[in-house]
Every structure is written in C-alpha cells, then in structure tokens.
Amino acid sequence: MDSILYSTPDNPVPENRIEGFFESFDGRKLRYVVFRSEQAVAKGTVVLLQGRNEFIEKYLETVRDLTAKGLWVATFDLRSQGGSERLLQDPRRGHVRRFSDYERDLTAFLDKIVLPDTRLPFYLLAHSTGALIALSAAPRLAIRIERMVLLAPFVGLMGQGASPGIVRALSNAASAIGLGRMQFTKRNRERPFPDNLLTGDERRYRRNTAIATTYPQLVLGPPTARWLSESFRAIDRVTRPEHLFSIAIPTILIAPTRDGIVPYADQERLARYFRAAQLVPIHGAKHELLQERDIYRNATLAAINAFIPGSDAEAKAETMEVES
C-alpha cells in the first residue's frame with residue numbers, strides 16, 4: 001500500500017506508524033497518522049493539533065523528538081487543508097463552515113483513532129489555530145486529556161496589512177450577506193526568508209517551503225471571509241474569563257515574544273484569566289516555535305518535556321518497566 005505521507009530528502013517520514021483517513025461527523029475524510037515510539041513502554045500519547053495552512057509533514061522533526069522520549073504522537077490535518085478533504089471546489093481556499101466543526105473533528109479523532117489505537121495517558125499539544133481549537137474544546141476534554149500545551153495560541157491578529165478591526169468588520173459583513181466563501185486577496189503571503197513572520201531559522205524555513213513547493217496539493221491560499229469571521233467569534237468566546245475559569249486541564253501557554261502573527265500582549269492577557277495555565281515566554285522567538293532556531297526551539301522543547309509526561313507518568317512507566 002502506498003503511503004499517503006510525503007517525504008523530501010531532508011524531511012523523511014518515520015517508519016513506525018499507522019496512517020490513513022477517518023470520517024468525521026459529517027462524512028468528511030481527514031488524513032491522520034499515529035507515530036509509535038520505539039521504546040518498549042509508552043509514556044502516553046501526544047495529540048498534536050496543527051495551525052492553519054499546516055500539514056503533518058511539517059511536524060516530522062518534532063515527532064522524532066517526542067517519540068524519542070517514549071511518547072506516541074497522533075495527529076491529523078485539519079478539515080479543508082493538508083491531505084484532508086477540501087470543502088470548496090477551489091482547493092486552495094482556506095474555509096470552514098463553523099468553527100465548532102473543528103472541535104467535532106477533534107472529538108471524532110479521539111473517539112475513532114486515539115482511544116482505540118494509542119496509549120494512555122493523553123496529552124494535547126496545539127499550535128496557533130490548533131491552540132484556539134483546544135481552548136474552545138477544553139472544558140469538555142478534562143476527562144480525556146491529562147495536560148495541555150498551547151504554542152502561540154491564535155487569540156489575536158496582526159501583520160495582515162490591515163487592522164484587525166477592519167479585517168473583522170469586512171469578514172463579518174461578507175459572511176452576513178452570503179459571501180463567506182470569498183477571499184479578500186488571491187495572493188499568497190509567501191515572503192522571502194528575511195521578511196517572514198514565522199521563524200528566524202532559515203534552514204527550517206526553506207525545508208518547509210520545499211515541502212510546499214514539491215507537494216503544492218498540501219498548501220492553502222488566504223482564508224475565506226467565513227473562516228475569518230468564525231475564528232474571530234471563537235477568539236471572543238475563549239478569551240472571556242468565564243470560559244477560561246471553566247478549563248480544569250493543567251496547561252502551559254508557551255508564547256513567543258516576537259510573534260508577528262498573534263500579538264504577545266494578547267497571549268499574555270489570556271494567561272491572566274486562565275487559572276489552570278502557566279505562561280512561559282520564549283524571549284526573541286517568532287510565531288512558529290517548533291520551526292524556530294535551536295536556541296528558541298530547544299527552550300520550547302525543554303518546557304514541553306518538563307510538563308509532558310510529567311513526574312506521575314514517568315513514575316508509572318518506571319514501575320511498569322520494573323514489574324515487567
């Protein structure tokens with residue numbers, strides 16, 4: 001059987017894996033993969049939620065880091081991006097009907113793939129839009145998810161050529177009059193490395209660009225008005241103190257201080273009302289912490305490794321190894 005994952009010379013796909021498609025609540029087919037650790041006793045499973053316009057292949061380096069620590073990794077491409085089924089005839093339009101559809105996809109993934117096919121306990125590692133999904137779903141995940149790590153959560157917007165207020169107003173208006181599928185621009189905001197807002201690491205930036213160039217079917221263009229409108233509504237909902245008070249999952253919020261996509265101030269403000277969360281700033285890092293220079297990426301991984309699986313899970317794993 002041919003693999004549904006894509007390799008490039010500097011980004012090989014790990015061998016020890018299960019891959020395929022699962023059907024979500026509405027029959028959409030979403031591409032997924034479970035990467036298994038080579039260690040005899042698994043310390044748990046990290047459910048990895050990607051950001052907008054990302055795909056499984058972008059995280060293979062991180063997958064190798066996590067599986068080397070004895071963790072399994074389960075991840076899927078968000079609906080209408082990466083290798084998952086697209087919603088519109090134009091496959092490059094980044095679209096969603098309702099933001100809650102992302103949450104229902106996560107529930108389907110947990111029910112159909114993670115619970116039957118991976119190892120307890122479960123942890124959630126989410127970046128940007130994935131972190132917004134995690135924040136929105138978190139009050140209902142406490143009985144399933146042991147700990148949660150949020151990387152540069154998408155709770156604000158900057159660097160778009162127009163003010164967030166204008167983008168919000170235009171996207172809401174377009175959605176309200178039935179133009180939710182429109183894009184405000186057709187131009188991809190692919191920037192040369194010196195001008196990019198995502199990472200200060202040129203090697204990783206060019207690696208990810210090479211994946212997108214070699215396999216353009218994985219890549220999205222700009223989001224639709226509906227995607228923007230639904231995302232702004234989700235941001236408004238999850239940043240309310242009453243929502244944050246309702247989250248009981250122990251969480252670390254890792255925030256890059258030079259984020260050019262999500263203002264650091266918005267991430268810091270989120271942490272003030274988030275009783276279950278601890279803010280971990282990464283000074284000098286840009287938006288994509290796991291694609292950053294080693295000095296920032298290693299600091300991010302150190303925070304993740306200190307928090308996941310945590311001392312309780314480590315002790316349980318050591319006990320199992322002694323008993324076996």
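How many of the six residues of strand E5 (residues 122–127) are buried? Six of the six are, so the strand is largely enclosed by the rest of the structure. The close-ups below start there; keep in mind that this is a predicted model.

**View 1. Strand E5 has both of its faces covered.** On one side sit Phe122, Leu124 and Ala126, and on the other Tyr123, Leu125 and His127, all of them buried.

**View 2. E5 pairs with strand E3 and with strand E6.** Let's look at the E3 pairing to begin with. Strand E3 (residues 45–49) runs parallel to E5, and the two are joined over five bridges. To find your way in, pick out leucine 49, whose bridge partner in E5 is alanine 126. Now for strand E6 (residues 145–151), which also pairs with E5 in the parallel sense, over six bridges. A handy landmark in this pairing is histidine 127, standing opposite leucine 151 in E6.

**View 3. Leucine 253 is a buried residue in strand E7.** E7 covers residues 251–256. The relative accessible area of leucine 253 is 0%, so this residue counts as buried. Who does leucine 253 touch, once its neighbours within four places in sequence are left aside? The contacts are Leu150, Pro153, Gln267, Leu270, Ala271, Gln278, Leu279 and Val280. For a sense of scale, arginine 93 lies 160 residues from leucine 253 in sequence and 30 Å from it in space, C-alpha to C-alpha.

**View 4. Helix H1 packs against helix H9.** H1 takes in residues 60–68 and H9 residues 294–307; their axes are 12 Å apart and meet at an angle of about 40°. That angle makes H1 oblique to H9. The crossing of this pair is right-handed. From H1, Glu61, Thr62, Asp65 and Leu66 come up against Arg297, Leu301 and Ile304 of H9. Sorted by class, that contact has three nonpolar, one polar and three charged residues.

**View 5. Helix H4 packs against helix H6.** Here H4 (residues 164–176) and H6 (residues 225–238) pack at about 115°, with 8 Å between their axes. H4 passes H6 in a left-handed crossing. On the H4 side, look for Pro164, Val167, Arg168, Ser171, Asn172, Ala174 and Ser175; on the H6 side, for Ala225, Arg226, Leu228, Ser229, Phe232, Arg233 and Asp236. By class, the residues in this contact are six nonpolar, four polar and four charged.

Conventions. Residues numbered from 1 in each chain as written. Predicted model: local features only at pLDDT ≥ 70, side-chain atom pairs only at ≥ 80, totals over all residues. Heavy atoms only, no water. Axes fitted to C-alpha atoms, helices over the stretch in contact; angles between N-to-C directions. Helix = DSSP H or I, 4+ residues; strand = E, 2+ residues; numbered from the N terminus. Parallel < 35°, antiparallel > 145°, perpendicular 65-115°, else oblique. Left-handed = near helix turned anticlockwise from the far one by under 90°. Contact = heavy atoms within 4.5 Å. Nonpolar A, V, L, I, M, F, W, Y, C, P; charged D, E, K, R; others polar. Buried < 20%, exposed > 50% of the residue type's maximum accessible area, 1.4 Å probe, protein only. Pairing = 2+ DSSP bridges.
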